[in-house]
Amino acid sequence: MKYLTNICRIFVGLLFIFSGLVKQNDPLGFSYKLEEYFEVFHLTAFNSFAVTLAIVLCALEIIMGVALLFGVKIKQTVWGLLLLIVFFSFLTFYSAYFDVVKTCGCFGDAIPLTPWQSFGKDMILLVMILVIFFNTDKIKSVFGTKGSWITLAVASVLSFGFGFYTYSYLPVIDFLPYKIGNNLPNLMKAPEGAPADEFKIIYTLKNKKTGQVKEWTDKEYISTKIYNNPDWEYVKASDPVLVKEGFKVPIRDLKLSDEDGNDITMVILEDPEYSFWVVEYDLEKANKSIQLELNKLTLMTEKYHSRTIGLTSATPLTADTFRHEHNIYYEFFFGDAVPLKSMVRANPGVMLMKKGTVINKWSFRNMPSVDELEATYFKK
């Protein structure tokens, strides 16, 4: 039992550290997932605390994982892990059973899991944590009392510090399709020969002589040519049912339009010159102090016959009002909030594009000066 307990301890500890680090790498993205759960449970009043809660939850996962791994405050740690896994199990089961949240967010965007997959993972973890819970006497601390407190202090500082850093200056590792180096048009289409979704339709027919009602798949319906048999009459056909998922393009929801609603997605993506995308998915929450610097950026790009554009999910009227209120020089185009949030984890965030390829990206907190950008990209 001692060996089993320690195997469970090491596995659970490492998994919680990994899970916490992956989400802490992108706390803003995890906060979007929390907002989905808040909406499901009608707790949208907590949306303003989503980022803080995301950083705290991820830090707790890391801290408790470290504590379990090194046997620090083992009884308190296991109680904390047990409460966490019960809470997560409830969320994933509720999401799966009622089909309300499509991906659980357990490992962020690094390893997307369906709610049922996540619930299965949580059940395994629950069993392993229970093994540890009833055998805490078999776990010895790696360090003494002083060393244990130092371990907790270091884990706390690093886990919270990492979260604040990535929230302020973008994820260290970008798992989204808009990461630096990716060509967006290539990710918006399936490669040649990629498998497509497979569907089936169920046809219901009734035998005129016997009254028998029978169902046929579309393949059977066509191969048997039952529709030509005068003894059978058509009753109904089901909606197409997905049998097997085909290749899913990484970017399938990016559509940009001008203020008149005209689709200008490819016009913007195929621009052969450098262009800066100022992504402000929520103008109300967008940082206002950076706008003067963005105006300088707009003037600099115009000097080189390039352009700076704003991308937002706001209405054209709201964007126009925002432009006048803050004396903004760049023009706005419009898209759905979901892909805009995926482009860059900041509001605003700035992406440098060329021929549809992401050259670089920055949060408004660490954007280089206009002089640095000019020297790096336009004066080579």
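Which side chain meets that of Lys33 in a salt bridge? I began my notes with this pair, and I kept in mind throughout that the model is predicted.

**Entry 1: a charged pair in H2**

I looked up Lys33 and found that its side chain meets that of Glu36 in a salt bridge, with 3.2 Å from N to O. Side chains of opposite charge can pair when their charged atoms come close. I then checked where the two residues sit, and because they are three residues apart in helix H2, Lys33 and Glu36 are separated by about one helical turn.

**Entry 2: the largest pocket**

I turned next to the empty space, since rolling a probe the size of a water molecule over the atoms shows where such space is left. The largest pocket holds about 1,400 Å³ of space, and I noted 48 residues in its lining. Of the elements, H2 gives the most, with seven residues. Sorted by class, the lining has 24 nonpolar residues, ten polar ones and 14 charged ones.

**Entry 3: the sheet of five strands**

I followed the strands of an open sheet and wrote down the order E8-E7-E6-E9-E10, in which the pairing is mixed. At the edges I found strand E8 (331-334) and strand E10 (357-363), each of which pairs on one side only. Neighbouring strands of this sheet are turned against each other by 30° on average, with direction ignored. Within the sheet I looked at strand E6 (residues 275-279) and strand E7 (residues 307-312), which run parallel and are joined by five bridges; as an example, Trp277 has Ile309 in E7 as its bridge partner. I also saw that helix H13 (residues 370-378) packs on the sheet, where it touches E6, strand E9 (349-354) and E10, and that the direction of H13 makes about 165° with that of E10.

**Entry 4: the sheet of three strands**

Another open sheet has three strands in the order E3-E2-E4, and here the pairing is antiparallel. Its edge strands are strand E3 (213-217) and strand E4 (232-237), each pairing on one side only, and the twist from one strand to the next averages 30°. I traced strand E2 (residues 202-207) towards E3 and counted five bridges between these antiparallel strands. Ile202 has Thr217 in E3 as its bridge partner, while Leu205 stands opposite Lys214 in E3. E2 and E3 form a hairpin with five residues between them, and in the turn Gly211 has a positive phi of about 80°. I then looked towards E4, where five bridges again join the strand to E2 in an antiparallel run, and where Ala237 stands opposite Tyr203.

**Entry 5: two backbone details**

Which residues does a cis peptide bond join? I found that bond between Asn347 and Pro348, with omega at about 5°, and I placed Pro348 in the loop between H12 and E9. I also looked up Lys73, which has a positive phi of about 45° although it is not a glycine; Lys73 lies in the loop between helix H3 (50-70) and helix H4 (74-98).

Notes:
Residues numbered from 1 in each chain as written. Predicted model: local features only at pLDDT ≥ 70, side-chain atom pairs only at ≥ 80, totals over all residues. Heavy atoms only, no water. 1 Å grid on protein atoms, 1.4 Å probe; cavity = no way out; pocket = protein on both sides within 12 Å on 5 of 7 lines; lining within 4 Å. Points joined across faces, edges and corners; volume = space filled by probe spheres on them. Helix = DSSP H or I, 4+ residues; strand = E, 2+ residues; numbered from the N terminus. Nonpolar A, V, L, I, M, F, W, Y, C, P; charged D, E, K, R; others polar. Pairing = 2+ DSSP bridges. Axes fitted to C-alpha atoms, helices over the stretch in contact; angles between N-to-C directions. Contact = heavy atoms within 4.5 Å. Salt bridge = Lys/Arg side-chain N within 4 Å of Asp/Glu carboxyl O.
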